[in-house]
Structure formats: C-alpha cells, structure tokens
Amino acid sequence: MIPGEIGQFFSSQFGKSLLVKGKPGTGKTTFIFGILNELCPEGNCIYISPRIDKSSSYGKFPWIEGDFSNNEDFLRMLASRIKVIWESGDSKPMIVVDSIDSLSIATTRSSQWEDNKFELERLLSDFSRKVNADLVLITEQTEVTSLDYLVDGVVSLEVSEISDADIRKVQLHKLRGVGMSQSRYVFTLEGGSFTSFEPFGVSYPQATAVPDPVPDPIESKISTGSPDFDNILTGGYQKGSFNLFEITSGVGDSFYSLLLPTFINHLNLGRGMLSIPTEGTSVETEKRLISPFTTEHVFPGQFKGFEIRDLKGRIPPYIAAFSGNVYKDMDVFYQSKNEMMRQHGSPLLDYIGLDSMEYNYGWENIGSIIGQMASVTKTTDNVVLAVAKHGQKITDSVAHMATTHWKFENVDKTLVMYGIVPKTGLYVAQMDFDSGYPQVRLTPIK
C-alpha cells in the first residue's frame with residue numbers, strides 16, 4: 001500500500017512527473033512496483049531498467065531493455081510503445097525509469113554520461129508532457145538538483161535508526177496539486193512488497209462480538225490474545241513474569257488498545273484480573289472498553305479495579321476504593337488479590353499504571369512496593385503488566401526487575417513497538433476490528 005497522496009497525485013487526467021530519490025538499499029525499486037501494482041492497469045505502463053534482469057519478478061510489466069546507442073534511439077523506441085498503449089485503450093500511460101543515472105550511462109557509453117543525464121532528463125520530461133503520460137524517475141542522487149524543480153513531485157526514501165534497529169520512511173517533499181495531510185510515512189519491505197502505514201487510529205465497531213478465547217499455548221505461558229505478539233514471545237507471557245511497557249512522549253493512550261486483547265482473552269478464559277489504571281484513565285473507562293467483548297458475568301465477578309474514592313459515595317462492586325495512603329491501599333489491593341485467587345485460582349493478571357502510583361504516592365515511596373510485587377510474582381503463576389509513562393523517575397529501577405521490557409513510540413503518527421528485553425526489531429502496531437473485536441497486528445519493519 002502506497003501513501004494515499006501518491007495515488008491522488010497520479011489521478012489527474014494530465015501526465016505528472018515524479019522523482020524518487022534515495023541511497024542504495026532504501027527500497028526505491030520496491031516502492032516503484034508498489035505504485036505500478038496499485039495504479040497501472042495491465043498494459044498501460046512501461047518499465048525501463050538497464051540494471052535489472054527482465055526475467056526477475058519485476059518482469060511482469062511491459063519492458064524496454066536498456067540497450068540503446070543514444071538518446072534518439074531510445075526515445076524512438078519509447079514513442080512506439082506509447083503509441084501502442086494509446087491505440088489499445090484510453091488509459092493514461094506511465095513511464096518508469098529505474099534509474100535515470102543508469103539509463104544515461106546506457107545511452108552514452110562514455111565518461112560523459114553525467115552531461116548526457118541533464119539532456120536526457122529534459123527530453124523525457126518534454127516527451128511525457130507531449131504524449132500525456134505519467135513519468136517516474138529514480139535516482140540515487142539525494143542532493144537537490146535542477147531536476148527537483150523540473151518535475152511535478154519529489155519523494156525520497158530513507159533509513160534511520162531507533163534502538164539500533166532500522167526504520168524506513170518515505171518523505172513527500174512536493175506533490176503539485178495535492179494537499180498533504182502529512183509529509184512522512186513509515187514503511188516496510190516485509191514480504192518483498194512496499195507497505196506504508198496510515199496514522200494509528202482506533203475505531204470501535206457498532207456491532208461487537210465476543211471472541212473465542214485463545215488457550216495457553218504451553219503450560220508455562222499465557223496467551224497475549226494476539227497471535228502476532230504470541231509469536232514474538234514464542235508463545236505468550238511467561239507465567240510468573242513482570243512485564244514492563246514503556247510509553248514515550250506522543251503515544252498518549254493509544255497503547256491501551258494494544259493491551260485490550262490480553263485483558264479480553266484472560267477474562268474470557270474465566271480468570272481474574274486486577275487493575276490500577278494509568279493516570280487519566282478510570283476503572284469505568286476500562287469497563288466500557290473491555291465489557292463489549294466479554295461475557296456478561298465478567299464484571300464484577302472476575303474484574304476488580306482500584307482508584308482513590310470517597311468512601312461516602314456509591315462505589316460499584318467491581319471497584320475497590322483507595323484512600324491515598326500507600327500502605328493502607330496496598331493492604332486493600334492484596335486482600336482483593338487473595339480473594340480473587342481463592343475464587344478463580346491462578347494465573348491472575350495484574351495491570352499496574354506506574355504513573356498513577358507515582359503521582360498519588362511519590363516515586364520514593366513506591367520503589368520497594370513495586371520491587372516486592374515483581375519478586376513475589378516470579379514465585380507464582382500470575383502475570384503483571386506494568387505501564388510506565390515518559391519521564392517517570394521509577395522507570396529505570398523497574399526496568400531492572402522486568403522479565404520483559406517493551407517500548408512504544410509515535411513515529412510520524414505511526415505506533416511503533418519494540419522489545420528492549422528481549423531485544424527485537426521494530427514492529428508497526430495496528431488495530432483490526434474486522435471480526436467485531438480488537439485484534440492487534442504487528443508488522444515487522446524490514
């Protein structure tokens with residue numbers, strides 16, 4: 001899937017010219033074939049590449065091989081192909097040159113190819129306008145040249161790093177006639193095809209469904225509720241584990257949606273869950289997000305949430321009131337946990353918002369409490385999911401206790417997830433409600 005702005009750019013009835021720039025290995029050729037696959041009905045595009053074997057997987061498109069003695073011979077052959085396209089239908093032709101540098105070498109066959117390149121660019125631009133064809137030129141020259149001003153659009157592909165892992169981005173520098181909602185998109189070459197990612201969003205369906213619960217894959221683990229995440233964890237969360245999710249600036253509450261499948265699956269297996277919500281989220285909000293995808297008996301039987309409440313007010317049975325005194329509140333928490341264990345056995349699931357604990361009790365007062373929670377959990381079959389927000393003082397000390405440590409980042413409106421422990425590559429996280437319940441898709445960036 002290419003960015004929507006690219007499709008809009010080429011939707012004009014008049015031919016447009018696009019320059020695709022990037023260093024070797026950034027994915028330019030794969031990007032071009034993403035454009036051809038989406039925008040070129042069979043037969044109305046011409047692919048020109050002196051450097052790629054026509055017998056490769058790219059050879060399904062009409063092809064002009066780069067064996068020309070000069071620019072004039074090349075343009076005559078191109079003109080004959082364009083004529084055939086216009087005579088066989090009314091689809092606007094698309095000409096792809098991969099790359100303009102290698103084509104200039106092929107048509108010049110001398111050390112003067114760079115001088116010839118400027119002339120070839122001008123000839124191709126004029127030719128495409130006269131025959132009303134789209135023109136796509138690839139170059140490995142990343143600096144700004146006269147060609148940037150000659151064409152209607154310029155995009156570049158780049159590879160940078162996050163946590164020692166490569167992340168790929170396509171930058172939309174200019175697209176004449178197109179309003180750009182954003183100028184950069186994260187993309188992957190997973191599976192040998194170009195896929196860019198739209199901004200992360202969650203749109204809950206009007207008609208919801210209760211998913212069939214995913215059983216524990218092996219005796220020592222519980223499923224995350226997401227097949228993709230289970231595969232990354234080689235089965236799911238380890239029983240007796242303390243799992244840290246670190247949320248960086250700009251992610252907001254998007255991360256919660258990615259944990260929903262775990263909560264839903266755990267409850268639908270008939271197990272107990274306790275929650276100390278993150279700052280800015282209430283137990284009532286969690287109930288509203290979880291309950292449409294669980295059986296009606298889950299609340300209050302299997303779920304208990306904790307928040308500071310006035311004891312004089314009415315408190316739903318699935319909420320236990322905290323007072324604001326850390327030691328009294330931990331007594332309330334563990335009493336409820338023991339009762340939940342008595343009713344539902346193990347494994348229990350604890351969801352802990354470390355930001356709300358730090359805000360309510362002070363980071364200097366919760367270090368030992370969280371440490372004890374992590375230590376005790378590792379002697380049981382229970383699982384803890386702890387969430388730390390950007391800038392928290394407690395994060396570093398908690399990270400040393402964690403069985404697994406995951407990080408969420410907002411990269412150009414795309415939600416990216418990766419493991420610090422265990423060390424993993426980068427994954428784009430997306431939500432899918434096609435089946436009526438939340439499913440997390442984790443696509444590797446390759």
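These legends accompany several views of a predicted model.

**View 1. The whole chain, end to end.** Welcome to the overall fold: the C-alpha trace spans about 85 × 40 × 40 Å along its principal axes. The chain has a radius of gyration of 28 Å, whereas a compact globule of 446 residues would have one near 22 Å. As for secondary structure, you can find 14 helices and 21 strands here. Of the contacts between residues at least 6 apart in sequence, 67% join residues at least 24 apart.

**View 2. Surface and charge.** Buried residues, for their part, make up 54% of the 446 residues. If you look for charged side chains, there are 41 positive and 54 negative ones. The centres of these two sets lie 2 Å apart.

View 3. Helix 4 covers residues 100-108 and is largely enclosed by the rest of the structure, because 8 of its 9 residues are buried. The buried residues are Ile 100, Asp 101, Ser 102, Leu 103, Ser 104, Ala 106, Thr 107 and Thr 108.

View 4. Asp 432 is 382 residues away from Pro 50 along the chain, and 42 Å separates the C-alpha atoms of the two.

Methods:
Residues are numbered from 1 along each chain as its sequence is written. This is a predicted model: local features need pLDDT of at least 70, side-chain atom pairs count only at pLDDT 80 or more; totals for chains, interfaces and linings use all residues. Side-chain values use heavy atoms; hydrogens and water are left out. Buried means under 20% relative accessible area, exposed over 50%, partly exposed in between (1.4 Å probe, protein chains only). Helices (H or I, at least four residues) and strands (E, at least two) are DSSP runs, numbered from the N terminus. The radius of gyration is taken over C-alpha atoms; the globule rule is 2.2 Å times the number of residues to the power 0.38. Contact means heavy atoms within 4.5 Å. Lys and Arg count as positive and Asp and Glu as negative; His and the chain ends are not counted. The place of a charge is taken as NZ of Lys, CZ of Arg, CG of Asp or CD of Glu.
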